[in-house]
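Hi,

Here is the structure I promised to pass on. Have a look at it first, and then read my notes below.

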Amino acid sequence: MKYDKVKFRKLVHYICNSIEADFLGATKLDKSLWFADVLAYLHLEKPITGETYIKRQFGPVPYHILPAVDELVKAGMIVVKEKPFYVGTKREFISLTEPDVSVFSPQEMALIDYAVNYVCKENTARSISAKSHNRIWELAEIGEEIPYHAIWATQLGEIDEHDIAWAKNCLKAMVAA
């Protein structure tokens, strides 16, 4: 899927509107976007926004996040505040207007809400960063794109007799062709 700038910006705005500033810093915003797109890829066979995610030290980061936030700030839809935090400063995102969610399907909205709740309410920034450091994050280099299909690397399981039978049938079909 091609990157959809409008949908991405609307998703950023929706997330900022959904979570109180105290619970939504840059890390959780990035992870909410990542989890929403990846869940949609897994369940709907396409991401919500088509955004490119890049490996950074603390997990996948949306490539277009800074321009999207800047556009939302300039449009008066959100404000970003720097707040002292125990490890430096924390960027907080505060929505000033109601987001337009008409671009999202009901299935996408369900996945978005699940991702936002999981990331922002069930985890700290540190714990969600640790959870995003999975097999696909480990396989990429810092600064490298993490493709959506890499999520299948986290779905690995034990090979059983059904897998072996399937592979043998594929080989037979290739030899016969």
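A quick word on terms before the numbers: accessible areas here come from the Shrake-Rupley method with a 1.4 Å probe. On that basis, the chain has an accessible surface of about 10,500 Å², and carbon and sulfur atoms account for 57% of it. Please keep in mind that this is a predicted model.

**The overall layout**

You'll find 7 helices and 4 strands in the chain. Starting at the N terminus, the order of elements is α-α-β-β-α-β-β-α-α-α-α. Along the principal axes, the C-alpha atoms fill a box of roughly 65 × 35 × 25 Å. Of the 177 residues, 39% are buried. Among contacts with a separation of 6 or more, 68% are between residues 24 or more positions apart.

**The core**

The largest nonpolar core has 40 residues, and the ones touching the most other members are Val 12, Leu 24, Leu 29, Leu 33, Ile 65 and Ile 112. Two or more residues come from each of α1 (5-18), α2 (26-44), α3 (65-74) and α4 (106-121). The biggest contributor is α2, with 9 residues.

Leaving aside residues up to four places away in sequence, Leu 33 touches Phe 8, Leu 11, Val 12, Ile 15, Tyr 53, Pro 62 and Ile 65.

Is Cys 16 buried or exposed? Cys 16 has a relative accessible area of 3%, so it counts as buried. This cysteine sits in helix α1.

**The aromatics**

A search of the whole structure turns up 6 aromatic pairs. One of them is Trp 34 with Tyr 53, an edge-to-face pair with 5.1 Å from centre to centre and 70° between the planes. Trp 34 belongs to helix α2 and Tyr 53 to strand β1 (residues 53-56), so to speak two distant parts of the chain, 19 residues apart, linked by the pair. Both Trp 34 and Tyr 53 are buried.

Tyr 53 has another partner, Tyr 148: the ring centres are 6.1 Å apart and the planes are at 85°, so this pair is edge-to-face. Because Tyr 53 lies in strand β1 and Tyr 148 in the loop between α6 (135-139) and α7 (161-176), the pair ties together parts 95 residues apart in sequence. Tyr 53 has a relative accessible area of 0%, and Tyr 148, at 14%, also counts as buried because the cut-off is under 20%. Trp 34, Tyr 41, Tyr 53 and Tyr 148 form one aromatic cluster.

**On the surface**

Which residues make the nonpolar surface patch of about 360 Å²? They are Phe 85, Tyr 86 and Val 87. Tyr 86 is placed in the loop between β3 (78-85) and β4 (88-95). With 65% relative accessibility, Tyr 86 counts as exposed, because exposed here means over 50%.

That's what I have for now. Happy browsing!

How values were computed. Residues numbered from 1 in each chain as written. Predicted model: local features only at pLDDT ≥ 70, side-chain atom pairs only at ≥ 80, totals over all residues. Heavy atoms only, no water. Core = buried A, V, L, I, M, F, W, Y, C linked by side-chain atoms within 4.5 Å. Buried < 20%, exposed > 50% of the residue type's maximum accessible area, 1.4 Å probe, protein only. Contact = heavy atoms within 4.5 Å. Patch = residues over 30% accessible without salt bridge, like charges linked within 9 Å, V, L, I, M, F, W, Y side chains within 5 Å. Salt bridge = Lys/Arg side-chain N within 4 Å of Asp/Glu carboxyl O. Phe/Tyr/Trp six-rings, centres within 6.5 Å; stacked < 30°, edge-to-face > 60°.
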